[in-house]
Amino acid sequence: MARLWLCAGGAGLFLALLVLHSRLSGSRVLKEFAFQISWRTEEVLYRLDVGWPKHSEYFTGATFCVAVDSLNGLVYVAQRGDNIQKVLVFTEDGYFLRGWNDTVDTPHGMFAVSTPNEESIWITDVGSGSFGHTVKKYNSFGDLVQVLGTPGKRGTGLNPLQFDNPAEVYVEDTGDIYIVDGDGGLNNRLIKLSPDFAMLWLHGENGSGPAQLSIPHSVTVDSSGRVWVADRGNKRIQVFDKDTGEWLGAWNNCFTEEGPSSVRFTPDGKYLVVAQLNLSRLLVVAAPPVGDIGRCSVRSSIQLADQVLPHLLDVSAETGAIYVAEIGAKQVQRYVPLDRSSTPLGR
């Protein structure tokens with residue numbers, strides 16, 4: 001028995017030394033072997049729900065974004081195309097309910113507000129038509145409630161507020177609004193607005209330094225008061241204090257191949273789920289503790305088929321399921337947490 005433990009310990013030491021040597025020596029063979037060892041240490045946290053939705057034939061365009069109203073069990077999908085319903089509404093069980101199209105030009109990002117006091121859908125529109133370059137608020141049946149920006153006109157102005165290809169919007173339960181404006185347009189901005197649309201703070205300088213942005217593509221807020229931005233053009237995630245806008249740090253070590261296109265936290269706050277568009281990959285990253293941004297640490301990954309192209313995603317606050325809008329596959333898929341205990345990766 002002692003020999004068995006000695007052999008096992010020696011094998012473990014050998015593998016550890018091999019991984020270290022591969023990173024220092026640059027050997028391609030050793031690097032590939034070390035990658036396999038690293039890959040095996042990842043956890044399998046989710047599985048594809050092949051039965052969602054029940055009626056996939058309603059996907060008739062390129063599906064760019066998805067938003068989950070967890071309180072009411074609804075999933076909103078926005079797609080692009082001619083003579084189609086731009087917004088589709090499903091139940092979280094996968095049944096199609098309705099669709100609508102009015103005042104939606106070219107949807108890019110969306111967010112569902114679901115509180116006991118409000119149920120609304122926000123959509124960023126990047127079209128060049130009469131409804132483009134705006135951030136719009138709708139009720140759940142598609143009635144237009146509010147328009148931010150100058151419809152049909154791109155711009156850089158702050159008073160009145162103008163957008164150019166606004167990528168995504170995130171709305172807190174308090175009503176505070178975060179907008180990343182600049183999916184390849186004139187602007188590279190992160191904007192925070194109050195519930196009555198007053199400017200609270202702004203980061204808007206194009207570049208690669210701290211707090212500078214290049215194609216800010218997605219934004220989310222954690223329970224510790226930190227704003228996380230997918231700084232896609234710079235291949236990193238930047239983090240800001242939600243109250244002051246102060247820059248807190250950045251992650252770039254996980255994104256050397258491809259920048260992040262979407263960021264959302266699991267409801268328990270343990271993980272940040274990140275989409276990488278051109279790699280057709282999802283990363284499940286450990287969330288850092290309060291007061292320490294640290295380095296990006298991947299706990300799990302989901303490799304999708306080539307050219308699936310996951311653009312934006314959302315996570316159900318009730319079930320912890322991940323919904324992924326895939327512009328290449330022209331569909332939305334759902335990944336559900338594995339049942340490791342009696343509770344999901346949710347609250």
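**Strand pairing, disulfide and nonpolar core**

In the predicted model, strand 2 and strand 3 form a hairpin with four residues between them. Gly 73, which lies in the turn, has a positive phi of about 70 degrees. The two strands run antiparallel and are joined by seven bridges, strand 2 covering residues 62-69 and strand 3 covering residues 74-80. Within this pairing, Val 68 stands opposite Val 75 of strand 3. Cys 65 has a relative accessibility of 1% and therefore counts as buried, the cut-off being under 20%.

Strand 3 also pairs with strand 4 (residues 87-91), again in the antiparallel sense, over five bridges. Tyr 76 stands opposite Val 89 in strand 4. Strand 3 and strand 4 form a hairpin with six residues between the strands, and in this hairpin Gly 81 takes a positive phi near 155 degrees. Of the seven residues of strand 3, six are buried, so this strand is largely enclosed by the rest of the structure.

The secondary structure of the chain as a whole consists of two helices and 24 strands. The chain has 347 residues, of which 52% count as buried. Its accessible surface comes to about 15800 Å², with 51% of that area belonging to carbon and sulfur atoms. When contacts between residues at least 6 apart in sequence are considered, 46% join residues at least 24 apart.

An open sheet is formed by four strands in the order 18-19-20-21, with antiparallel pairing. Strand 18 and strand 21 are the edge strands, each pairing on one side only. From one strand to the next, the twist averages 20 degrees. Inside the sheet, strand 19 (residues 271-276) pairs with strand 20 in the antiparallel sense over six bridges. One of the facing pairs places Tyr 271 opposite Ala 286 in strand 20. In general, the strands of a sheet pair through backbone hydrogen bonds, either parallel or antiparallel.

One disulfide is found in a search of the whole structure. This disulfide joins Cys 254 to Cys 296, with an S to S distance of 2.0 Å. The pair links distant parts of the chain, 42 residues apart. Cys 254 lies in the loop between strand 17 (247-251) and strand 18 (262-265), whereas Cys 296 lies in the loop between strand 20 (281-286) and strand 21 (298-303). The torsion about the S-S bond is about -105 degrees, so the disulfide is left-handed. Both Cys 254 and Cys 296 are buried.

The largest nonpolar core contains 26 residues. Those touching the most other members are Trp 122, Val 169, Ile 179, Leu 190, Val 219, Val 227 and Val 229. At least two residues of this core are supplied by each of strand 6 (107-115), strand 10 (166-171), strand 11 (177-181), strand 12 (189-193), strand 14 (216-221) and strand 15 (226-231). For Val 229, leaving aside neighbours within four places in sequence, the contacts are Val 180, Leu 190, Leu 213, Pro 216, Ser 218, Val 219, Arg 236, Ile 237, Gln 238 and Phe 240. In soluble globular proteins, nonpolar side chains tend to be buried together.

Notes: Residues are numbered from 1 along each chain as its sequence is written. This is a predicted model: local features need pLDDT of at least 70, side-chain atom pairs count only at pLDDT 80 or more; totals for chains, interfaces and linings use all residues. Side-chain values use heavy atoms; hydrogens and water are left out. Buried means under 20% relative accessible area, exposed over 50%, partly exposed in between (1.4 Å probe, protein chains only). Contact means heavy atoms within 4.5 Å. Accessible areas come from the Shrake-Rupley method with a 1.4 Å probe; for residues, only the protein chains shown count as cover. A disulfide is a pair of cysteine sulfur atoms within 2.5 Å. Two strands pair if DSSP finds at least two bridges between them. Axes are lines fitted to C-alpha atoms, for helices over the stretch in contact, and angles run from 0 to 180 degrees between N-to-C directions. A nonpolar core is a set of buried Ala, Val, Leu, Ile, Met, Phe, Trp, Tyr and Cys residues joined through side-chain atoms within 4.5 Å.
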